[in-house]
Every structure is written in C-alpha cells, then in structure tokens.
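The entries follow the structure.

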Amino acid sequence: MKLDRNLVLKLLEDVEAVISRQTSGDLSEVCRILRDSVDHYDWVGFYLVDPEKERELVLGPYAGKPTEHTNIGFGQGICGQAAETGKLFLIQDVSMESNYLSCSPEVRSEIVLPIFHEGKLVGELDIDSHRFEPFSDLDTELLEGICRMVSSYI
Ligand code: SME
C-alpha cells in the first residue's frame, strides 16, 4: 500500500497491539507488518547493540532476504554511522554514499533510525527500498513512533 496518513495511524496501532502482547517473536512480526504493508519497504530489520562486544551491532529480527551483514562495527556503513552518531540517516540514493554496505544491488535507498532506551543506544531500525527517493516525512513519523514503542522491548 502507498504510505498515507491513515496507513501511518493504522500501522502504529497494529504495532502497538503486537508490542503490548510482549511475547517472543514480536519484533519479527513488527518487521513483517511493515514490509507487507508499505509498498516501498523491501527489507525491514532491527540491528541490536551487541552486549558482548563493544561498539558493534548484531543483526536481530528482520523481514526480507537474508543479508551477509550480520555484524556491523560502529562507524561502518549507514547503520554503523547511525550508531556512532545516534542520528537518523535517510539516504534517498545509496549510489551517492561512499560509506555504505550493500546488501543487494536492488537496493536504491535506505533509512536507519537509532533506538534509545533510558538514554542509551540499544539498537536500530533499518529499512531498505528498491525505489529511488521513496521516503517522506510520513516515513519518519511512522518509524520514529515505532522506535519509541519498541525501545523498552529490545
Ligand atoms: N546497508 C546497510 C547494511 C545493512 S543492510 O542494509 C541490511 C549499511 O550500509 O549499513
């Protein structure tokens, strides 16, 4: 479906219902809901800050094709830069990025949002799209809302 305001509100409600159940597998379901609902979301996944290693992300639940990037150091690629800076990265055209880790040649754009819990970075939400420049303020609104919801659950 095309992302519009009604879909943003519906997805926030759906994800809240999933998260409030607090059973294992919920984050996978969140990924699946987002990927299945929004036309321009082709890969949706969580990276988690690895509790064992310093400054490294480990791949968590995701929906989409498997990726070789299961461990990403802070500073590496878009995900690592988002972890390093604690800032949202919205890349409308990945071909313009030099510090980028490609998961598939089909990917044209990407958005990565850091997730904080009690002031500490705990993970990230990463979305890849096969479309060029697909992301708008609606994506940011939706995905920031979802990151807030899942932050205490990661
Ligand atoms: N493209 C990301 C790597 C993760 S994949 O998109 C799943 C990056 O540059 O950090």
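**Conventions.** I worked on a predicted model, where local features need pLDDT of at least 70, side-chain atom pairs count only at pLDDT 80 or more, and totals for chains, interfaces and linings use all residues. Residues are numbered from 1 along each chain as its sequence is written, and side-chain values use heavy atoms, with hydrogens and water left out.

**Ligand shell.** I listed the residues with a heavy atom within 4 Å of the ligand: Trp43, Tyr47, Gly77, Ile78, Cys79, Tyr100, Leu101, Cys103, Glu110, Asp126 and Asp128. Helix H3 (77-85) gives the largest share, three residues. I also noted strands S1 (43-49) and S6 (120-129), each of which supplies at least two. Helices (H or I, at least four residues) and strands (E, at least two) are DSSP runs, numbered from the N terminus.

**Polar contacts.** I looked for pairs of N or O atoms within 3.5 Å. Ligand oxygen lies 3.0 Å from a polar backbone atom of isoleucine 78 and 2.8 Å from one of cysteine 79. A ligand oxygen is also 2.8 Å from a side-chain N or O atom of aspartate 128. The protein covers 100% of the 300 Å² of accessible area that the ligand has on its own (Shrake-Rupley method, 1.4 Å probe).

**Backbone angles.** Most residues other than glycine have a negative phi. I found a positive phi of about 55° at arginine 55, which is not a glycine, in the loop between S1 and strand S2 (56-63). Glutamate 133, also not a glycine, has a positive phi of about 50° and lies in the loop between S6 and helix H4 (137-150).

Terms used. A polar contact is a pair of N or O atoms within 3.5 Å; within protein, one must be able to donate a hydrogen and the other to accept it, and residues adjacent in sequence count only if both atoms are side-chain atoms.
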